[in-house]
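Please have the sequence and the model at hand while reading.

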Amino acid sequence: MDEAAEPLLRVRGLSHRFAAARDERYAVQDADLDLFAGEVVAIVGESGSGKSTLLNCIAGRIAPTHGEVHYRDATGRWLDVHGLTERQQRVLARTEWGFVEQNASDGLRLDVSAGANIGERLMGQGERHYGRLRGTAERWMARVELDTGRIDDSPRAFSGGMRQRLQIARNLVTRPRLVLLDEPTSGLDVSVQAKLLDLIRMLTARMHLCALIVTHDLGVARLLAQRTLVMRHGRVVEQGLTDRVLDDPQHPYTQLLVSSVVMP
Amino acid sequence: MTTHIAEGYNFAYLDERTKKMIRRALLKAVAIPGHQVPFGSREMPLAYGWGTGGIQVTAAVIGRDDVLKVIDQGSDDTTNAVNIRQFFTRTTGVRTTTRTREATLIQTRHRIPETPLVAGQVLVYQVPQPEPLYKLEPRRAETTKLHGAGEYGLMNVKLYEDLAQWGRIDESYEYPVKVDDRYVMSPSPIPSFDNPKMHRMPALQLFGAGREKRLYAIPPYTDVQSLDFEDHPFRIEPHGHACERCGDTASFLDEVAGTDGQVHWTCSDTDWCADRVDQGHAHG
């Protein structure tokens, strides 16, 4: 099959019901999704619509009640993400995948310097040359527009926007093939958001990354994603090219979502 | 000093079933070098932090023919060493010694004797914190997974951090090692100066952490490598001083403040020092 035509990630019939959920309430129900190399896809929806649960199921962090997640690795092999051993999942998570948390402090080690945060994945992959680690950390700080002079500072001393940049650098340093982002810009003020979105857009384009972004902000989807999925009550109610979904919404819920965006 | 064997106690204080349990855990530890094995640590008649882990290991392996040596910071006559030696004298009646060569079983805190250990000897370490990843990852369940998967990038993060902040790896003691090219292990708070002595040591090395309820071991002649970076290899910093009693410059020296306001340097290993003085190495 043609490389471009074969997806990187394939989600089929994915449903998840939390053990504590009452009656038959599913957090995610019957989600299907294909992700292709070099493509940025957004999942939008209101709070509680199941976006993050879907993302966590894809990342292997939650075992779904039903359904499958398959990932095609760098060697072209298809892996059943939830059929892997925990050890294999961990290896995948720190080599071919990246995960950018909503709260930068969850995805960073606040007790060690920015440089060590960027170097951790490299060291995990066996890099044992201090000079090279430092060089790479400096290059990446420059790439995400952080002051390289602060390489030895703790991320505790960083602002929210800077932490988020650092988290992105820490994830991308090993050149993952698939990056999952969970509300990467929420909690930041608008101008910082705009700069961060710019950065993510530039990096995904230059590195030919495949990215899946969960967001409640339609602006983020518009700016970054080629395709958008709209979720409501755990179901994907509409999906398509971002411009089509946002300019010509078909589902009543999407229409409501689009019309409720406040224009300044 | 005469010490009487205390009545009413089992040989080496612990009951036989407990000793058996500890020996089982030790067998497992020896079979998986550097791997921490949980064990049912008992209350001992001294406080945690004073060597309860080491004492339980010693109690589990000591036999009537053993000759016991106990050191604390290299010295046979500090409070901790004297107390533990007396404890075993009173509960076992075995012969004790201060001579490294004569001992079959050595319990230690913070040092490895300077005299090279030989096959047949057993070195028991007292360990306060058996988990080398503890300072970076406080969750026990998580560190167990990291060990299981051999994910040791985190350990190098610590070393990276030292280099970045201090320009050198700032682990003068408890310097992490990799055992048999598999498990990263805490060598207990011995000085990094002693780390090379663990590599392919002919003696059996046992580690006991009483409060943390963990045992681990290094079988004889096992590879033990100190973690480092290619461009910042592990090395021992020379003191640049000589022992004032025996003149040795190559052993581990203690810095002692004298009553005259001067700083004095002496061998930390008192047996080693006395040996050298006996051989006529007195400092000129």
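The model is a predicted one. In chain B, Glu174(B) sits in the loop between helix 5 (153-166) and strand 6 (177-179). Its phi is positive, about 55°, although Glu174(B) is not a glycine.

Most residues other than glycine have a negative phi. His110(B) is another residue that is not a glycine and has a positive phi, here about 70°. The loop that holds His110(B) runs between strand 4 (105-109) and strand 5 (122-126) of chain B. His110(B) is buried because 20 other C-beta atoms are within 10 Å.

The table sets out the two residues.

| Residue | Phi | Loop in chain B |
|---|---|---|
| His110(B) | about 70° | between strand 4 (105-109) and strand 5 (122-126) |
| Glu174(B) | about 55° | between helix 5 (153-166) and strand 6 (177-179) |

The second topic is the contact between the chains. How many residues of chain A are in contact with chain B? There are 17 residues of chain A, and they are in contact with 15 residues of chain B. On the side of chain A that touches chain B, the elements giving two or more residues are helix 2 (86-95), helix 4 (114-124) and helix 5 (130-143) of chain A. Helix 4 of chain A provides the largest share of that side, 7 residues. By type, the residues on this side of chain A are 5 nonpolar, 6 polar and 6 charged.

Definitions and conventions
Residues numbered from 1 in each chain as written. Chains lettered and ligands numbered in written order. Predicted model: local features only at pLDDT ≥ 70, side-chain atom pairs only at ≥ 80, totals over all residues. Contact = placed C-beta atoms within 7 Å. Helix = DSSP H or I, 4+ residues; strand = E, 2+ residues; numbered from the N terminus. Nonpolar A, V, L, I, M, F, W, Y, C, P; charged D, E, K, R; others polar. Buried ≥ 20, exposed ≤ 12 C-beta atoms within 10 Å, placed from the backbone.
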